[in-house]
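Me: I would like to learn how to read helix packing in a model. Can we go through it step by step?

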Amino acid sequence: MTDIINNPEILNINQNNQNQIHTGNINSNLNKKLEENSCCCSEKRIWIKNAFMIYITLIYILAPVILTDIFIIYRFSKTYKKIIFYILIHITLIYILICLFNVATTKPGYQENNFTLTQEEFNQINPKIKIDNEFYPLKYCYTCNIIREARTFHCKECKRCIKKHDHHCPFVNNCIGKENYWKFFHFIISVLVFSIVILIISIIFIIDEGLKGSFIKIIINIAIIIAAVCGILSMISFIFQHIYYVSNNLTTREIIKDNMKKELVDKGCKNNWKNSLNDNYKDEFDIKYEELIEQLKNQRQNINNI
Ligand SMILES: [Zn+2]
Ligand SMILES: [Zn+2]
C-alpha cells in the first residue's frame with residue numbers, strides 16, 4: 001500500500017467530507033458532465049463537429065490522384081501502361097483510404113471513469129504512485145473529474161482523457177494514444193507508399209514521353225513530382241521520428257514536454273517494440289494506477305457500508 005501513496009491515512013477522509021463520499025453526493029453538474037463524457041452519441045457529435053480537417057486530408061489525397069490520372073496516366077501513349085498505372089494508383093488510393101478510416105475511427109484509449117471524485121476529494125487524497133523509490137503525484141482532470149494516469153493527458157478537441165497520449169492529429173480528426181498508435185503508424189506508411197507510387201509513375205512518364213504539352217500541363221507534371229518528393233521526405237522523417245519514440249517507449253508529447261524520465265519507461269529496444277505492439281500491455285504506471293483506484297474504491301465502499 002505504501003508503494004502506491006505516501007500517506008495511506010489520508011484515504012481516511014475526514015468526517016466533514018465522509019458524507020460527500022458516503023452519499024456519493026457529487027453535484028448534478030458533475031453527473032451531467034460524466035454522462036456527456038461516457039455517452040457514445042456525444043463522442044459522435046464531437047467527431048462530426050471537428051471533422052472539417054478530415055475533408056482537407058481527403059482533398060490532399062484525392063487531388064494528386066485525379067491530377068495524375070488526367071495529366072500523366074491518360075497521356076501515356078502505350079495502352080498497357082495506362083491500364084497498369086490506373087490499377088496501381090487506385091489500389092494505393094484504396095489502401096490509404098482504409099488506413100485513414102481505421103485511424104480516424106479507432107478509439108485512442110480513453111481513461112475510463114471507473115472512479116469519479118470531486119476536485120475537493122482529490123485534493124485531500126493527493127494520490128501518488130511510487131516507482132523506483134520515487135513518488136509521482138497523479139493529476140486530476142477538471143473536465144472528466146477523474147484521477148489521471150501519469151501518462152494520460154486530457155485532449156481539448158476530443159474532450160476526453162487519453163491513455164499514453166501521443167498527440168491529437170487534426171488530419172485524421174482523432175487523438176493518437178495507446179490503442180490506435182499502430183493504426184496511425186500504418187497510416188503514415190501508407191502516405192509514404194502513396195507518394196512513392198505517384199513519383200514512380202511521374203518519372204516513368206517523363207522518361208517515356210518527355211515533358212511535353214502545353215505550359216499548364218508541364219507545370220502540373222512538375223508540381224505533382226515536387227508534391228510527391230515532399231510527401232516522401234516528410235513521411236520518411238516522420239517515420240524515423242516515431243521509430244525513435246517507440247524504441248525508447250516515449251510519446252511525442254513526452255519528448256516535446258520533456259516530462260518523462262526515459263529510464264522509468266525504457267525496457268530495452270526489443271521489449272519496447274514488443275510492448276508497444278500490444279494494446280493491452282500494462283506498464284508499472286498502469287498497474288500501480290489500477291491498484292490505487294481499486295484501493296480507493298474499496299475505501300469508498302467501506303465508508304458506504306458503515
Ligand atoms: Zn479528461
Ligand atoms: Zn484529441
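**Reading helix pairs**

Reply: This is a predicted model. Take one pair to begin: the axes of α7 and helix α8 (residues 215–247) come within 8 Å and cross at roughly 150°.

Me: What does the angle say about the directions of α7 and α8?

Reply: Angles over 145 degrees count as roughly antiparallel. α7 and α8 are therefore roughly antiparallel to each other. Their crossing is left-handed.

Me: Which residues of α7 and α8 make the contact?

Reply: On the α7 side, they include Phe-185, Ile-188, Ile-189, Leu-192, Ile-196 and Leu-199. On the α8 side, Ile-224, Ile-225, Val-229, Ile-232, Met-235 and Phe-238 are among them.

Me: How many residues of the contact of α7 with α8 are nonpolar, polar and charged?

Reply: The contact has 17 nonpolar residues, five polar and no charged. Ser-195 and Ser-202 of α7 belong to the contact, as do Asn-221, Gly-231 and His-242 of α8.

Me: Where do the axes of α5 and α7 stand, by distance and crossing angle?

Reply: Helix α5 (residues 79–105) and helix α7 (residues 181–209) have axes that come within 9 Å, with a crossing of roughly 160°. By the reasoning used above, α5 and α7 are therefore roughly antiparallel. This crossing, too, is left-handed.

Me: Which residues of α5 and α7 make that contact?

Reply: α5 contributes Phe-85, Leu-88, Tyr-95 and Cys-99, among others. From α7 come residues including Lys-183, Phe-184, Phe-187, Phe-194 and Ile-201. The residues of this contact divide into 15 nonpolar, four polar and one charged.

Key
Residues are numbered from 1 along each chain as its sequence is written. Chains are lettered from A and ligands numbered from 1 in the order in which they are written. This is a predicted model: local features need pLDDT of at least 70, side-chain atom pairs count only at pLDDT 80 or more; totals for chains, interfaces and linings use all residues. Axes are lines fitted to C-alpha atoms, for helices over the stretch in contact, and angles run from 0 to 180 degrees between N-to-C directions. Helices (H or I, at least four residues) and strands (E, at least two) are DSSP runs, numbered from the N terminus. Angles under 35 degrees count as roughly parallel, over 145 as roughly antiparallel, 65 to 115 as roughly perpendicular and the rest as oblique. A crossing is left-handed if the near helix is turned anticlockwise from the far one by less than a right angle, and right-handed if clockwise. Two residues are in contact if their C-beta atoms, placed from the backbone, lie within 7 Å. Ala, Val, Leu, Ile, Met, Phe, Trp, Tyr, Cys and Pro count as nonpolar, Asp, Glu, Lys and Arg as charged, and the others, Gly among them, as polar.
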